[in-house]
Amino acid sequence: MNRFTYLALGVGALAIPGFVDSTYYMRLINWALIVAVLAFALNIIFGYAGQISLGHLSFYGIGAYAAGILMVDYGMSFWLALLIAMLVTAAIGVLVGLPALRLRDFYLAVATLGFAVIVHVLLGRWIALTGGQTGLISIPRPYVLGFELFEDHHFYYFSLVLFLAAFWFTDLISRSAYGRNLRAIRENENAARSLGVNISGHKLLAFAFSTALAGAAGAGYATLNGYIHPNSFTAGHSILFLAVLVIAGLGSHLGAILAGVLTVIVPEMLRSLGDYQLWGYSVVLILVLYFLPRGIAGLISDIVLRVFHLRGSTATDAIEVGPDELEPIARSGFGAPSRFVQGGANTSAPFLNVVQVSKSFGGLMAVSDLSMRVSSGEVVGLIGPNGAGKSTAINLITGVLAPTSGKVDLGHERISGLRPDKVVRKGVARTFQTPQLFEDLTVLENVLVGMNGRRGLARLVARLLPFPAYRREEADAKREAIALLQSLDLARLKYEKAANVPFGQRRLVEIARALATRPKILLLDEPAAGLNDNEARQLKTILRDLAAAGIGVLLVEHKMSLVMEVCDRIVVLNFGQNLSEGTPAEVSRDEAVREAYLGRVG
Ligand code: ADP
Ligand code: MG
């Protein structure tokens, strides 16, 4: 949409009260706008970050009661009450978010449901504060410049501003690097962590943003209605509202707006069903989930795209990187060392030093007294039969597992004991034995998550603001990501959803994403598994180029031809123990190795 469309829509929206001269319909419009704000709030936490909350009507209720009590009992102005209500809900939101750091999916749903039940009971029983079952009455309307928004068609301008502010704010999040990280967390938390994303920080902030917005919507509802009662904020309402948002279209702006409209209209339509209303909702929900997984909003946007022959675009597409995007960066120099950027200064020659590391699972020694080194510019093979402990070794080095004994250093710094997101920021990146892409993100977005991992959360939040300096940073990251994809021959896939990337390239995308963190050491867990000969040859060139760029590579691999050709040294593991170590030639002559491993594999 261009500016004029926005302008026309804006003027149209502002003019609505001039045409609707029924208080009843004006009240419904105001209510729909406020509920849309609540839907934007739920989108942040559930739509983007994938954290289910069955307590969002409770946050709405807390916002409503906080604002109502401050205005009625303390005579506070609406605007101050609104601000405090948002802070109160955000604080409670962060407290409720804390368990979300440990709980997932079903368990988080149960925890938030429990919260919703408690809030409902408190609102009904804490009579001194809330008025109990009488509810809270005579909540005044806001004043603007001494003028009370008493009439609903005056109040409309307030609801519209609240709605637009919520729209603007969630849109900023959804387009930002922070929002992209939230979606990465939703898709694959472990992979996000392995790229340096601070999961707890991101989630808690999402809870704070989301619940503050829910609180603002609640405050708006309190002053719109003038009367609030505990029974408007039950766990049942939360579940119903979640269902409405899913029907309307989770994670989409249009979906949030439709959720507002549906919440207001559908009960009117279903009124004739009486006690069967819930059945009506359930049937519609099941039908929508079955036929329209992206909700009504998804259907509408598909139709619009088809009618106008447009390609669906992501927020990342909108980042302008200038004409040099089109130049094939470093393409001609395929094989030249310069095609990979390395984070660490080459002069310090950082090396990974694994010292007598052991890990036992119950009685099983998965890794036992493992020692090895990977220096910069070196490809070290780590081989051994299935179950020898190779993947466990990678998990121990990257902080996914804590060693039972022993230590891991990078240069002179201890990295064992650090969380995976810290380890990768120190310069040790990894890929997984089974590729763990963010399936619903594009290839480019996958790489951008890797690129942003090295930036702290505070920096990412600052970048929510649409200042030119931050835009430029985002454009630079995008340009670097595209260059990286080009150097791995993946550029033509950049706007593909990762879910659509063919198998042979999935591993390369994962390598690109790991390289985006600018590692000093790269750990690859069976990167050639499932690749055809052509792709394996390409991988070999890439591995040599990485080493030439000064990156130290630890290669866990079963494909012996690749290991023998590409490795400077090989470490052989058997039953978690160092069986042998040396150059490919030495290792392949070693009798113990032949017996334990090579002989069997053939
Ligand atoms: P490799 O990658 O060399 O095939 P792994 O490191 O995956 O081997 O596994 C080494 C041993 O540790 C295996 O016996 C495996 O069953 C066991 N193991 C790995 N991870 C776990 C875990 N999280 N809990 C219990 N046992 C594990
Ligand atoms: Mg393994």
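Helices and strands are DSSP runs, helices being H or I over at least four residues and strands being E over at least two, and both are numbered from the N terminus. This is a predicted model, in which local features need pLDDT of at least 70 and side-chain atom pairs count only at pLDDT 80 or more, while totals for chains, interfaces and linings use all residues. Residues are numbered from 1 along each chain as its sequence is written, chains are lettered from A and ligands numbered from 1 in the order in which they are written, and side-chain values use heavy atoms, with hydrogens and water left out.

**Annotated spans**

Select residues 53-72, where the chain is 85% helix and 0% strand and the end C-alpha atoms are 30 Å apart. Go on to residues 106-128, a span that is 96% helix and 0% strand, with its end C-alpha atoms 35 Å apart. An unreviewed UniProt entry lists both spans under "transmembrane region", along with others including 25-46 and 278-300; UniProt positions are given in the numbering used here, feature names are shortened, and annotations may be inferred rather than shown by experiment.

**The sheet**

Next, colour the six strands that form an open sheet of mixed pairing, in the order β8-β9-β10-β5-β11-β12, where two strands pair if DSSP finds at least two bridges between them. The edge strands, each pairing on one side only, are β8 and β12 (577-582), and the twist from one strand to the next averages 20 degrees. Within the sheet, β5 (residues 379-383) and β10 (residues 552-556) run parallel and are joined by four bridges; pick G381 and you will find that its bridge partner in β10 is L555.

Contact here means heavy atoms within 4.5 Å, and angles run from 0 to 180 degrees between N-to-C directions, with axes fitted to C-alpha atoms, for helices over the stretch in contact.

**The magnesium ion**

Centre the view on ligand 2, a magnesium ion coordinated by S391 (OG) and Q433 (OE1) at 2.1 to 2.2 Å. Donors are N, O and S atoms within 2.8 Å of the metal (3.2 Å for Na, K and Ca), and water is not among the atoms, so the site may look incomplete. S391 belongs to helix α15 (residues 390-397), whereas Q433, 42 residues away, sits in the loop between β8 (428-430) and α17 (443-452). S391 counts as partly exposed at 22% relative accessibility, as does Q433 at 35%; buried means under 20% relative accessible area, exposed over 50%, and partly exposed in between (1.4 Å probe, protein chains only).

**Salt bridges**

A salt bridge is a side-chain nitrogen of Lys or Arg within 4 Å of a carboxyl oxygen of Asp or Glu, and by this rule the count comes to 27. Show E445 and R183, whose side chains meet at 3.4 Å, N to O; because E445 lies in helix α17 and R183 in helix α8 (residues 177-187), the pair ties together parts that are 262 residues apart in sequence. Both of these residues are buried.

K497 is in the loop between α19 (468-487) and α20 (503-515), and D440 is in the loop between β8 and α17. K497 is partly exposed at 33%, and D440 likewise at 36%. Finish with R180, R455, R459, R463, E473 and E474, which are linked in a network of salt bridges.
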